[in-house]
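The sequence and the model are shown first, and the description follows.

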Amino acid sequence: MASYEKLELTYLKILRKAIIFFASLSLVVVIVASAIGLFNIGAFNFPSSNAPDITSTDVVEVLTAKDNETPDAAPAVSKEQKEKDPFQEYYDRCYSAIHDFSTTHDPSYPYEFRKGQIRTRSNSLDEQDIAKAYVSGLADTLEKALKDNAVIELTKKDHALDIAIRVYDTYNTMFYENLQAKINKKEADASEAAMKRASGLGILTFAGGAFLSFLLLAFLMIFVKIELNLRQMAEKN
């Protein structure tokens with residue numbers, strides 16, 4: 001009977017070690033699966049802006065490489081819209097850059113550039129950060145590109161105002177192409193993120209099952225430990 005009790009005690013010790021091993025394994029699975037699941041559902045992802053980043057160097061390279069078509073002028077906007085527009089500083093910089101370039105390099109040519117078209121383009125952009133990126137980038141581009149020697153050289157072949165408008169049009173083309181590319185990428189990323197979220201939820205469900213297994217094994221380990229202690233106390237008595 002004593003040998004049977006010793007064998008039983010040995011089995012209980014082995015069982016306890018096995019429970020500790022599988023409980024530890026379950027806990028590791030819970031941690032790893034939870035991290036993967038949370039990552040897949042986007043818990044650690046941060047939104048990014050769609051605002052394109054166009055530089056004057058980009059515009060000059062395109063402008064001096066080939067001619068660009070001039071788009072239709074944008075419709076005028078109301079006076080009330082102009083007064084409430086937060087980007088007036090950028091508009092003034094754009095108009096000043098075009099005016100100064102045109103009158104400096106071709107003073108005899110009639111200056112005609114409708115101011116409302118830049119404002120209307122920025123107002124047509126839905127997001128505030130994109131609109132700001134558009135007008136601030138345009139102002140920087142016009143100020144730098146219209147002082148570039150490669151652009152100034154073009155005034156020998158065409159009117160300065162036409163060159164300034166081509167810089168403006170080139171910027172618009174590059175900005176909207178860049179913007180559309182970012183929107184397309186964001187939509188593709190959103191579709192991929194939806195698939196990852198679905199996968200992440202499945203992994204989190206699996207992690208939940210692993211955690212329940214860990215709890216069950218932990219309780220079982222406690223019961224085995226209690227049983228071992230009771231048997232050891234009985235042996236001493």
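## Helices α4 and α6

The axes of α4 and α6 cross at roughly 25° and come within 9 Å. Axes here are lines fitted to C-alpha atoms, for helices over the stretch in contact, and angles run from 0 to 180 degrees between N-to-C directions. Helices (H or I, at least four residues) and strands (E, at least two) are DSSP runs, numbered from the N terminus. The structure is a predicted model, in which local features need pLDDT of at least 70 and side-chain atom pairs count only at pLDDT 80 or more, while totals for chains, interfaces and linings use all residues. Residues are numbered from 1 along each chain as its sequence is written, and side-chain values use heavy atoms, with hydrogens and water left out.

α4 and α6 are therefore roughly parallel to each other; angles under 35 degrees count as roughly parallel, over 145 as roughly antiparallel, 65 to 115 as roughly perpendicular and the rest as oblique. The crossing of α4 past α6 is left-handed. A crossing has that hand if the near helix is turned anticlockwise from the far one by less than a right angle, and is right-handed if clockwise. On the α4 side, Tyr90, Tyr91, Arg93, Cys94, Ala97 and Ile98 meet Lys132, Val135, Ser136, Leu138, Ala139, Asp140, Leu142 and Glu143 of α6. By class, this contact of α4 with α6 has nine nonpolar, one polar and four charged residues. Contact means heavy atoms within 4.5 Å. In the class counts, Ala, Val, Leu, Ile, Met, Phe, Trp, Tyr, Cys and Pro are nonpolar, Asp, Glu, Lys and Arg are charged, and the others, Gly among them, are polar.

## Helix α5 against its two partners

Helix α5 (residues 116-123) packs with helix α4 (residues 88-105) at an angle of about 140°, their axes being 10 Å apart. The pair α4 and α5 is therefore oblique, and its crossing is right-handed. Gln88, Tyr91, Cys94 and Tyr95 of α4 make the contact with Gly116, Ile118, Arg119, Ser122 and Asn123 of α5. The classes in this contact of α4 with α5 are four nonpolar, four polar and one charged.

With α6, α5 packs at an angle of about 150°, and the axes are 8 Å apart. That makes α5 roughly antiparallel to α6. Here Ile118, Arg121 and Ser122 in α5 meet Ala131, Tyr134, Val135 and Leu138 in α6. By class, the contact of α5 with α6 has five nonpolar, one polar and one charged residues.

α5 is mostly covered, with seven of its eight residues buried. Buried means under 20% relative accessible area, exposed over 50%, and partly exposed in between (1.4 Å probe, protein chains only). The buried residues of α5 are Gly116, Gln117, Ile118, Arg119, Thr120, Arg121 and Ser122.

Helix α6 (residues 128-145) has 18 residues and reaches 25 Å from its first C-alpha to its last, close to the 26 Å expected at 1.5 Å a residue. The expected span is 1.5 Å times one less than the number of residues. Buried residues in α6 include Ile130, Ala131, Tyr134, Val135, Leu138, Ala139 and Leu142.

## Individual residues

Leu138 is found in α6 and, at 0% relative accessibility, counts as buried. Leaving aside neighbours within four places in sequence, Leu138 is in contact with Cys94, Ile118, Tyr168 and Tyr171. Leu138 and Val167 are 29 residues apart in sequence, with 9.5 Å between their C-alpha atoms.

Glu89, in helix α4, is exposed, with a relative accessible area of 54%. The C-alpha atoms of Glu89 and Val135 are separated by 9.4 Å, and the two residues are 46 apart along the chain. Lys13 belongs to helix α1 (residues 2-40) and counts as partly exposed at 40% relative accessibility. Beyond neighbours within four places in sequence, Lys13 is in contact with Leu228 and Gln232. Lys13 and Lys225 lie 212 residues apart in sequence and 8.5 Å apart in space, C-alpha to C-alpha.

## The chain as a whole

The secondary structure comes to eight helices and zero strands. Of the 237 residues of the protein, 33% count as buried. Among contacts with a separation of 6 or more, 85% are between residues 24 or more positions apart.
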